[in-house]
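Please read them alongside the displayed sequence and coordinates.

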Amino acid sequence: MSIENGYQVVWKGPVYKASGLGIASRAYAHALRRQGVELSIDRGGGSIAHKLNNKRKVLIYHFPPSMINFKKERARYDRIILNTVWETTKIPAHWLPNINKFDAICVPSVQNKQALKNSGVKIPIYIVPHGVNTKEYAPGGRKLPIPQAVGRFTFVSVFGFQHRKNPEGLLRAYWEEFSASDRVLLVIKTNGYSPYEDESWIKNRIMRYKETLGIRKPTAPVVVIGKHLSSGQIRGLYRLGQVFVLPTRGEGVGLPFLESLASGVPVIATGWGGHMDFLTPGNSFLIPYQLRSPVHSMNSRHSISRQFRSLFVGRGQQWAEPSISSLRRQMRYAYQHPQLCKEMGRRGRRDVLRFSWNRAGLLMKQAIEQTLRNRH
């Protein structure tokens, strides 16, 4: 029986979650099906493997590797592949006992592959990039109606309200660089990670941070959206911006960067992380950085959002600390050169047209079949 026709895949991951990880999990699974792979979703009942025919069975595990029960899964599957993502220079130490027990790993970026190698991972690692739906995320459609944006150069940012995303760096640079006399607006779409971290809580944290900075001058306005937006509204938000900005400390991929470029909007971003697989000086304003221990910024008085210390403060872990002064200059330069931003946005749109989910599906299918060929 040939490999092409002789296996079936079971996908075990957060396919029903609304998070970025959930979006990616669904998109990968659908992309494999479009490549002709026979694939089932494990809904958590644990009985799906017993329904499979005599074909070779492959589990793709899209949860943290520390959570898998290898004894149970090895009894069911011929091969087990981890699909994962990470944002610092090394993976968490508690992942290591399990991670080399997989048959292979799929990661979405060059930075991720290097992080795994830095951490002592010995099994085959395949780069399977994320995709972006360039039909849905496209320029020229409806913009999200925000009255304050009328007549203003609008910066847009989309992120979860956590320390890794560096919300304090973005806010500080914007407040310090722009005054009320500048015709600019910053629109932030964000979310918390527990019920009390709602829109009003986030706005209060931001207001208190501004007070601690001692900024006295009237500043340019900021609009914070901390409630749920539909996918159509999110697409309209990207189109609203002249520039997307996020001085992140680390990304496995940086899906909002992909979505922004697909929408024809250039990016201001830290020049380190998984997003450097598709961000270039031609489509982005890149912020210089230094690699530092996450503890350095977490212990700073500027930290205003959830830190997830258990994930990011392990031995040897580093991420990027972007230059605030450079971020200020990049934002000012973009504001002063709107025509350049349009040209960079058009170039970015062209650059990401090849980042389709069909391409991701094909590369993952190839990784699966190579893993089946490898000696167990």
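1. In this predicted model, helix α5 (residues 167–177) and helix α6 (residues 199–213) have axes that come within 11 Å and cross at roughly 55°. An angle from 65 to 115 degrees would count as roughly perpendicular and one under 35 degrees as roughly parallel, so α5 is oblique to α6. The crossing of these two helices is right-handed.

2. On the α5 side, the contact is made by E168, L171, R172 and W175; α6 contributes I206, Y209, K210 and L213. Sorted by class, the contact of α5 with α6 comprises five nonpolar and three charged residues, with no polar ones.

3. Is helix α8 (residues 255–262) mostly covered or mostly open? Helix α8 is mostly covered, as eight of its eight residues are buried.

4. Just after α8, G264 takes a positive phi of about 80°.

5. A search of the whole structure for disulfides finds zero. With a relative accessible area of 2%, C106 falls under the 20% limit and is therefore buried. C341 has a relative accessible area of 1%, so C341 is buried by that limit as well.

Key: Residues are numbered from 1 along each chain as its sequence is written. This is a predicted model: local features need pLDDT of at least 70, side-chain atom pairs count only at pLDDT 80 or more; totals for chains, interfaces and linings use all residues. Side-chain values use heavy atoms; hydrogens and water are left out. A disulfide is a pair of cysteine sulfur atoms within 2.5 Å. Buried means under 20% relative accessible area, exposed over 50%, partly exposed in between (1.4 Å probe, protein chains only). Axes are lines fitted to C-alpha atoms, for helices over the stretch in contact, and angles run from 0 to 180 degrees between N-to-C directions. Helices (H or I, at least four residues) and strands (E, at least two) are DSSP runs, numbered from the N terminus. Angles under 35 degrees count as roughly parallel, over 145 as roughly antiparallel, 65 to 115 as roughly perpendicular and the rest as oblique. A crossing is left-handed if the near helix is turned anticlockwise from the far one by less than a right angle, and right-handed if clockwise. Contact means heavy atoms within 4.5 Å. Ala, Val, Leu, Ile, Met, Phe, Trp, Tyr, Cys and Pro count as nonpolar, Asp, Glu, Lys and Arg as charged, and the others, Gly among them, as polar.
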